[in-house]
Amino acid sequence: MARGLVGTIGSAVLTAALLYACARGVSRAGIPPLGSLLDPVNGAAAALRYGDLPESEKQPLAGLAADTRVLFDDRGVPHIYAANTRDAYRALGYAVARDRFFQMELTYRAASGTLTELAGARALPLDKEARRLGLGWAAEQKWAALDSNSEGSRAMRAFADGVNAYRATMTPATTPVEYKLLGAQPMAAWDARYSVYLLMRMALTLAHDPNDLRRTRAAALIGREAADALFPRNNPLQEPIQPVTGRIAPREAWSTLPPPGAPDTSLLVPAKAAGVIEHTALAMPSSDETGDALGSNNWAIAPTRTASGGALLAGDPHLDLSLPSIWYEAHLVVKDSLDVYGVTFPGAPTIVIGFNQNVAWTFTNTGGDVADYFLEEVDDMKAPKRYRLDGAWQPLKPRVETFRSVSGEIIATDTVFYTHRGPTMAENGHLLSFRWTAHDPSNELDGFVAATRASSVTGWQEAMLPYRTPTQNMLVADRGGNIAIRAYGEYPIRPNDGEGTYVRDGRTRASDWTGMLPISDMPQSTNPAQGFIVSANQQPFDPAVVPKFIGSNWPDPWRAMRLNEMLRADDKMTPDRMRQMQTDPLSVRARLIAPYFVRAAERSGDTTLAAAASLLRDWDHRYALDAQAPMLFEAAMKRAIRNTWDELIAEAGKPPVAVPANVIFLEALRDSTSTWWDDRRTGGTVETRDGLLAAALESAYDSLSLVHGPVGSNWAWSRTGGINVRHLVNLAGFNREHLAVTSGYGTVAPASGATGSHGASWRMIVELTKERRTAWAIYPGGQSGNPASRRYDDRLERWRTGQLDSLMVPESEAAFPKTRILSTLDLRP
Amino acid sequence: MFFVTAVILFLAAEFVIGWWALPVVGLILGVIGARRTGVALQIGGAALIAWGLLFGWVATHGDLPAFMTSLALSMKLQPGILITAVAALPVLLAGATAGLGSGIRNLIRPEKSAASSQAAGLGA
C-alpha cells in the first residue's frame, strides 16, 4: 500500500511537471510550451503539411460584393480577379494573411510598441523606444484625421476584412510556427488602422536619420567649421538626380578641408544628450555600419535610347533583407478598372512598387533633413511638467505608455512628455523634443491606391500628390515613352539659415518650422534631354544650379556615377543589359581611391608594400567573387579611415561620434598636407598622408596573410562572408547566411559586409512599348512566411546570382495559362 | 489487443485534442488497465508508437528531418536533443498519467488490484 502511494505521488508529480512544461513552458529558460510545439498534428511540424498551397480551396469572405477568384501561379504569386476594387483588396488581405500573418503582426507590433504582447518582457526596450519616438501616437493621429470615405481608408478596411476572414480559418495546425516558438497566440483580429502603423515603421526605416545629432556631437569635438566641412551641405562630387542640361560628366567641387578646430562649447550640452538618443536600436543603421548597402537605385530610359523603341524602367530598393521578404508580390485585376502588378508591404492594402497596363514606377529614398531635435528647458528634470517657450512656461503633455505581457498583464509603464513639437526624450539630464514630418497627419495610401489606376506619367504624378512621408524619389515611365522623376514628401521650411543641421534651441518659437516646401520646389525632371534619369540616393539638386536646402551630408555618389556612365555609353539599352547593370561589380569609389594607396606604397620602397601595391594596381576595381584585391582594399580602407578621423573619437576605446562619408575621405586625399593625416594619438610623431596610407595597407596585407595565407584563392572576395538574409526574428535555423553575391562597397549592388543583411530587396525591370508591357523581377526569399514551405526561399538562389524572373501578367482568368496554376482560391460572399 | 487499442486511441485523440491526448488518454487507459502488469510502460510505448506514426505521416508532406534540424537550431538546441525530447514526451507524459490513473484506482480499490499495482511500471 505504501509503495503504491509513493508511486502514485511520484506519477502525480511527474505528470504535473510535464503538464506545466507542455502547457506553459519555462519562460526563464526560454523554453516555449512544449505540448503545442512538439505535437505532431498541431505543433511546429504541422508547418510541413501546410507548406504547399492546396490545389483548390473555397472560403467565405464577409463583405465581398461578388465571387472573387485568386489564381496562384507557379511562383506563388496571387492573381486576383475581382468584380470591384474593394473586393480585390479583400482578397489581397486574405492571400497576404495566409502567407504572412506572423510578419504582419510582428511589423504592426514593432511600430506600435506592443512587441511585449508577442515576445514578452525581452522586447520591452524596443517597445519603449518605439513609443518614445511617437510612432504609435503619430499613427493614431493619422488614423483619426483620415477621411473615412477616402480611397485609402476604404482600401484599408476592405483589406482588413480579408485578413480577418483568413484569421477566422486559422487552426492550431495552421498557426505559424513562430507563435509556437514564442508561446504566443496570433492576434485575434487585424484592425484596418494597423496599415497606418506599417507606414510609420517604413518612415522610421527610411526617414529617421539622426544626422543632426551626429553633427552636433562632432562639432562639440572639432568645432563647427570643421564639422560643416566633414559633413557638408553639398557633396563635392555632383551627379544629381535632377539632370543638368548639357552636362556629360560629374561636376567636381572640391575644397580644402579646414583643420580640426577647438571644441564648440555651446554644443556640449546638446551633444551630451544626443549621444545617448542617437544610439537607438530601432533607427536605421548609419552608413558606417551598412557600407552604403541601404542605398537604392532606379533609372528610366527614354525610347530614343532603347533597342525596342519603348521606355525602360529599372528599380532595386535596398533595404534590410529578411525571410520572409519585406515585400509580397501580387496582381490585382478588376475588369475595365484596375490591372496592377507589383509588390506590397504585408499589411498594406495595395501595390506599392510595380506597374499597370500603361505605367511603371519605382522608388529610391530621397533622404534629406526631415527631422529636427530641440533642446528644451524644463522646470524640473526629475519630474518635468512645463517647458519654457519665449520666456513663458508651457505645459508638457504627458502620455502614459502601458506595456503588457503575452498574457495581458501590465509589465511596465512609461510616461512620454510632448511639447508642441512632438515627443521628448530625456537623457543625460536633458530633454530633447523631436519634430518629424512623419508625425504629421497624412494619407499616403490615397496616393498609392489612385496611382495604381493611372494611365500616364502625368496622371500617376497627380495621383501621388497626397503622399507625405518618407520622402521618395518616385520614378515613373509610361507606354507613351515618357519618363519622369519627382521627390514626393515633405521638406520643412526653417527660419534663419533655413538649415536644420544641429540640435536647435527649443526655448523659442523662432526655431520652429514655418511650413513645407511646395511640390514645385521638389527635385524633379520629366523627359530630360539626355534621355535617361538616374537616382541612387545622391544629392538631388546640383547646388550650383538649384541652391535650395533640403538636406546635407548626402550619401556618396558612387552608384549614381557608375549608373550614369553606363547609361551614357549605351544608346541601345535592353532589359537584359539593365539586369546586368543591377549587379554591376565596378566600384567608382575604389577606382578613385585605390590609386592613392598604390602611389603611397610605391613611394615607400617597402617589399611587402610592393606586393600589396601590385595587387591593387592590377585590379580593375570590380568586386567579382573571385577577385583578390577587394579584400585587401577594404581592409586597408578600414584602417586608413579609422586613423584619419581619430579627432572624432571622444573617448579612447570608443568608436568615433560620427564618420564622414568616403567622398570626404577622397577630398582629404587630394590634399597631402592636410592636418587630418596626423594621428593625434601618436603624440609627437606627425603622420603624413602617404605614411598613413602605406601603414594601413601594410597592416591590412600582413593581417590578411596571417588569416588567409599567401595571396591566392583564399583572398577571393567571395570569402568575406557575403550577405545574410535572416529570419524576421533571427531564428538561426530559418536564416540563410553567408550568401556569396556579386556586390561590394560603392558598387551598384552595395554590400554591407560579412555581418550585414542589407541589399536589393526587389529588383524590377519593366519595358513599356506601344504594343505591350513586359516585366522581370525578383526578391530574395519567397512568397510564403512558412519556413517549412518550398516557397519560403525558392527565389533566393536566382536572386543571389543576379537573375530575374519573367513576370506573368494575364489580364483575365481566361488568359491564365492552365499549366501555370499552382492553386485556386475561390472567395465567396 | 490493449496495446493496439491504446495506439489507435492516441492516434484518434491527437486529431481531436492535440497533445492533450497524451495525458487524457494515458489517464483513462491507466485507470482501465490498472490490473495489467507494466501498464504505464505499455501506455507510454503506445503513445510513442502513435507519435511515431503521426510524424511519419507528417514526413510525407516534406523534409521532416531538415525541418526538425532547423527548428532545433532556432531553439539553440542540438538537433539530437530536440529529437530526444519529441520521443521522450509521449513516453513520459502518457506513462506518468497512466501510472497516476492506475495508482489512484488501486488506492481506491486496493483489494482488487494490489498485485497489479505493484507491477504497474511508473505507477508502482
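Two strands pair if DSSP finds at least two bridges between them. Helices (H or I, at least four residues) and strands (E, at least two) are DSSP runs, numbered from the N terminus. The model shown is predicted: local features need pLDDT of at least 70, side-chain atom pairs count only at pLDDT 80 or more, and totals for chains, interfaces and linings use all residues. Residues are numbered from 1 along each chain as its sequence is written, while chains are lettered from A and ligands numbered from 1 in the order in which they are written.

**View 1. Six-stranded open sheet of chain A.** The strand order in this open sheet of chain A is β27-β6-β7-β31-β32-β33, with antiparallel pairing. Its edge strands, each pairing on one side only, are β27 (532–535) and β33 (805–806) of chain A. Five bridges link strand β7 (residues 311–316) of chain A to strand β31 (residues 763–768) of chain A in the antiparallel sense.

**View 2. Three-stranded open sheet of chain A.** Here the order is β9-β28-β29 (chain A), and the pairing is mixed. Strands of a sheet pair through backbone hydrogen bonds, either parallel or antiparallel. β9 (322–323) and β29 (736–739) of chain A are the edge strands, each pairing on one side only. Strand β28 (residues 723–727) of chain A runs antiparallel to β29(A), joined by two bridges. I723(A) has L739(A) in β29(A) as its bridge partner.

**View 3. Strand β21 of chain A and its two partners.** Seven of the seven residues of strand β21 (residues 472–478) of chain A are buried, so the strand is largely enclosed by the rest of the structure. A residue is buried if 20 or more other C-beta atoms, placed from the backbone, lie within 10 Å of its own. Q472(A), M474(A), V476(A) and D478(A) point one way from β21(A), and N473(A), L475(A) and A477(A) point the other way. Strand β13 (residues 359–365) of chain A pairs with β21(A) in the antiparallel sense over seven bridges, with T362(A) opposite L475(A). Strand β22 (residues 483–488) of chain A also pairs with β21(A) in the antiparallel sense, over six bridges, and L475(A) stands opposite I485(A) there. β21(A) and β22(A) form a hairpin with four residues between them, and G481(A) in the turn has a positive phi of about 90°.

**View 4. Helices of chain B.** Chain B has six helices and zero strands. Of its 124 residues, 52% count as buried. Buried residues in α2(B) include A21(B), L22(B), P23(B) and V25(B).

**View 5. Contact between chains A and B.** The contact takes 39 residues from chain B and 34 residues from chain A; two residues are in contact if their C-beta atoms, placed from the backbone, lie within 7 Å. On the side of chain B that touches chain A, the largest share, 13 residues, comes from α5(B). The predictor gives the complex an ipTM of 0.90 and a pTM of 0.93.

Conventions: A residue is buried if 20 or more other C-beta atoms lie within 10 Å of its own, exposed if 12 or fewer, and partly exposed in between; C-beta atoms are placed from the backbone.
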